[in-house]
Amino acid sequence: MRWLGGDQEGNIEDRRGLGPVGVGGLGAGGVVLALIGYFVFGISPSTTMDAVNGVQAQQGYDQQDGFRGQPKDQAGQFVDVISTNVDEVWRGLFRQNGQTYTQPAAIVLYDQSTGTGCGLGQGAMGPFYCPADQKVYIDLNFYETLKTRLGAPGDFAQAYVIAHEVGHAAQHRSGDPQMALRQLIVPVASLGSSLAPWLIIAGVIFKVMGLAVAGLVFFAAAVVFTFVTLPVEFGASRRALAYVEPLGLNGERADGARSVLRAAGWTYVAAALTALLTFLYYLWLVFGSRR
Ligand SMILES: [Zn+2]
């Protein structure tokens with residue numbers, strides 16, 4: 001794949017070398033809450049921490065300012081060239097369909113962890129798009145994971161990953177209806193997944209049916225969210241694969257990119273099924289165990 005010397009529009013924000021940001025962690029209030037939860041309600045402290053961290057994530061982290069513009073190193077240039085090309089190709093495709101293409105606000109390159117509009121971004125999460133600040137976040141170490149764990153080496157798989165995340169930005173910023181629905185559910189769903197177990201368990205223990213049912217409704221929103229996410233993910237994957245294929249993708253390389261696509265797709269299917277099974281368990285806990 002020939003990419004060196006390709007156009008670079010420099011829609012890159014380079015935060016590499018800035019180091020991880022200080023994480024707030026669980027404050028004193030959170031610790032007290034976790035202790036009460038554990039000793040009074042028997043709720044695992046990690047559940048409380050998730051709930052508290054979920055609320056903190058809503059507030060966002062301090063954003064570091066990276067270097068805006070064209071990276072000088074090869075790994076950074078690759079991301080710049082590919083995202084520039086993705087923008088060019090999709091701008092044309094969207095225009096053909098009478099739609100307006102909008103690129104991400106920036107593609108942020110970082111090491112280990114960085115503050116984002118969606119909470120703390122960490123390399124272990126893999127590349128992601130944050131709707132709150134409309135930026136794509138990539139820790140380039142993820143490419144090592146692609147190679148060693150997912151068995152998809154090479155420029156094509158990397159280009160595919162960039163195109164997939166830029167695809168989410170396009171879905172969001174260009175007004176894709178499925179993405180819009182997903183974003184509509186986010187606040188209730190994130191509140192639901194952190195708060196619902198508390199409401200349900202407290203409702204069951206103290207036999208307050210209203211509390212348990214409220215928990216079930218909140219958790220149902222979280223389940224719906226995982227299913228609404230599926231068409232959004234598969235849409236971005238289809239579009240990314242359609243982008244990389246004309247680059248000369250064939251044989252082994254095509255298999256590599258497709259295995260990434262499948263692995264990523266199945267992760268979301270598994271998450272949706274897990275959420276559904278958990279919901280059924282909570283239903284049984286609230287209604288089935290009363291006899
Ligand atoms: Zn995705």
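**View 1. Gln134 is partly exposed, with 17 other C-beta atoms within 10 Å.** A residue is termed buried if 20 or more other C-beta atoms lie within 10 Å of its own, exposed if 12 or fewer, and partly exposed in between, with C-beta atoms placed from the backbone. The model is predicted: local features need pLDDT of at least 70, side-chain atom pairs count only at pLDDT 80 or more, and totals for chains, interfaces and linings use all residues. Residues are numbered from 1 along each chain as its sequence is written. Gln134 sits in the loop between strand 6 (128-130) and strand 7 (135-139); helices (H or I, at least four residues) and strands (E, at least two) are DSSP runs, numbered from the N terminus. Although not a glycine, Gln134 has a positive phi of about 60 degrees. Most residues other than glycine have a negative phi.

**View 2. Strand 6 and strand 7 run antiparallel and are joined by 3 bridges.** Tyr129 has Val136 in strand 7 as its bridge partner. Two strands pair if DSSP finds at least two bridges between them.

**View 3. The open sheet has 5 strands in the order 2-1-3-7-6, with mixed pairing.** Strand 2 (67-68) and strand 6 are the edge strands, each pairing on one side only.

**View 4. Lys207 lies in the loop between helix 6 (177-205) and helix 7 (209-244).** Lys207 counts as exposed, with 9 C-beta neighbours inside 10 Å. Its phi is positive, about 55 degrees, although Lys207 is not a glycine.
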